[in-house]
There are 2 protein chains.
Amino acid sequence: MLKFYYAPHTCALASHIALEQAGAAYEAVRVDFSTNAQRTPEYLAINPKGRVPALVTDRGVLTETPAILLFLCQSYPKARLAPLDDVFALAQVQSFNSYLCSTLHVAHAHRMRGYRWADDPAAIKEMQRKAPQAVSECFALMELEMFKGPWVMGDTYSICDMYLITFAQWLEADGVDLTRIPKVVDHRRRMSELPAVRKVVAAELA
Amino acid sequence: MLKFYYAPHTCALASHIALEQAGAAYEAVRVDFSTNAQRTPEYLAINPKGRVPALVTDRGVLTETPAILLFLCQSYPKARLAPLDDVFALAQVQSFNSYLCSTLHVAHAHRMRGYRWADDPAAIKEMQRKAPQAVSECFALMELEMFKGPWVMGDTYSICDMYLITFAQWLEADGVDLTRIPKVVDHRRRMSELPAVRKVVAAELA
């Protein structure tokens with residue numbers, strides 16, 4: 001059985017939803033960030049990066065959301081979580097998810113975790129100040145150029161939808177003007193109503 | 001024929017090498033960053049992100065390095081650029097590449113492009129100061145925990161090797177102590193001798 005390490009309010013939500021949608025047999029294990037459990041020797045032995053998510057399989061541990069999502073798609077092909085038979089369409093899925101991890105998530109992280117890239121408190125404060133602008137620009141680009149509708153990739157629900165709603169949870173906290181991204185906001189509402197999403201969100205916040 | 005937009009000294013190098021290794025028929029088009037060509041309406045019509053790389057295919061445009069690399073692996077399976085028949089091994093490849101785009105590349109970018117996350121010159125300068133430490137931590141983690149040897153994924157040469165050497169080109173400029181990462185440095189030396197790598201690097205710098 002798969003073992004899935006997550007923490008609430010993190011990008012692990014995307015993989016958690018995908019595990020549920022795939023119908024995978026998995027055990028979810030919460031990592032307590034409030035006690036810095038992600039930095040204990042026990043957890044670092046699982047994931048030396050000291051972050052979540054981490055998925056323990058019978059072949060070894062997988063980290064990084066876009067990789068875990070692709071792994072779940074390919075391991076549970078009947079769940080049809082990505083267009084596995086279409087090389088170009090799958091590349092579009094990976095492109096979207098890569099943008100989320102390398103640009104959107106990074107912009108967001110400057111609000112809470114500026115210490116990764118600066119020590120001076122004034123610089124960290126300046127990053128916090130600019131984060132809403134950087135995050136808003138990412139969402140505006142997605143709204144205008146990337147989101148096909150009704151789902152991210154068009155008519156077919158995919159891992160992109162699970163990853164997008166993960167960041168859309170933080171729109172208000174990130175200071176994004178919701179009136180400028182109606183498609184993303186409507187997508188969040190529809191995603192939030194899906195049984196798998198409701199179940200996972202409730203479990204993470206319990 | 002594929003059309004590949006790149007700029008020298010950018011992460012486009014990884015996809016450029018992969019195109020060559022795949023034996024793909026492609027035209028490489030240089031985007032002149034010195035004149036801000038990536039911000040012209042013509043280029044933004046190709047890639048609204050205003051960045052490189054961008055790969056124009058007969059189905060549409062692909063961006064984001066990990067996605068382009070996977071697309072090339074799957075489009076040219078005979079080149080064996082990734083373990084396409086092994087779901088877990090492929091996920092490991094995608095995990096490594098995802099770490100490069102979302103953590104290593106981001107750490108590096110704080111040395112040159114801090115304006116993405118701050119406006120105050122003092123904050124940008126503070127990011128520049130810390131960048132060597134952040135980049136060094138990424139390379140140390142790769143050296144100790146991720147690099148299998150002799151290639152990134154072990155005995156099999158893959159797209160991970162092409163992506164890693166892209167960042168290893170900048171080790172000195174990023175202020176990384178080479179004596180702490182002997183495996184990465186040796187890998188860079190061996191990669192630099194490959195005909196495909198020599199050809200692409202020469203073409204980009206011509």
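This briefing covers a sheet in chain A and the interface between chain A and chain B. The model is predicted, and local features need pLDDT of at least 70, side-chain atom pairs count only at pLDDT 80 or more, and totals for chains, interfaces and linings use all residues. Residues are numbered from 1 along each chain as its sequence is written, and chains are lettered from A in the order in which they are written.

**The sheet**
- Chain A has an open, mixed sheet of four strands in the order 2-1-3-4; strands are DSSP runs (E, at least two residues), as are helices (H or I, at least four), numbered from the N terminus, and two strands pair if DSSP finds at least two bridges between them.
- Strand 2 (26–30) and strand 4 (60–63) of chain A are at the edges with a single partner strand each, so one side of each has no neighbour in the sheet.
- Strand 1 (residues 2–6) and strand 2 of chain A run parallel and are joined by five bridges.
- In this pairing, F4(A) is opposite A28(A) of strand 2 of chain A.

**The interface**
- Contact (heavy atoms within 4.5 Å) links 49 residues of chain A with 49 residues of chain B.
- The buried area (accessible area, 1.4 Å probe, that two parts lose on being put together, summed over both) is about 3800 Å² between chain A and chain B, with 63% from carbon and sulfur atoms.

**Salt bridges**
- Six salt bridges cross the interface of chain A and chain B, each a side-chain nitrogen of Lys or Arg within 4 Å of a carboxyl oxygen of Asp or Glu.
- R59(A) forms a salt bridge with D86(B), with the closest N and O atoms 3.0 Å apart.

Definitions and conventions:
Side-chain values use heavy atoms; hydrogens and water are left out.
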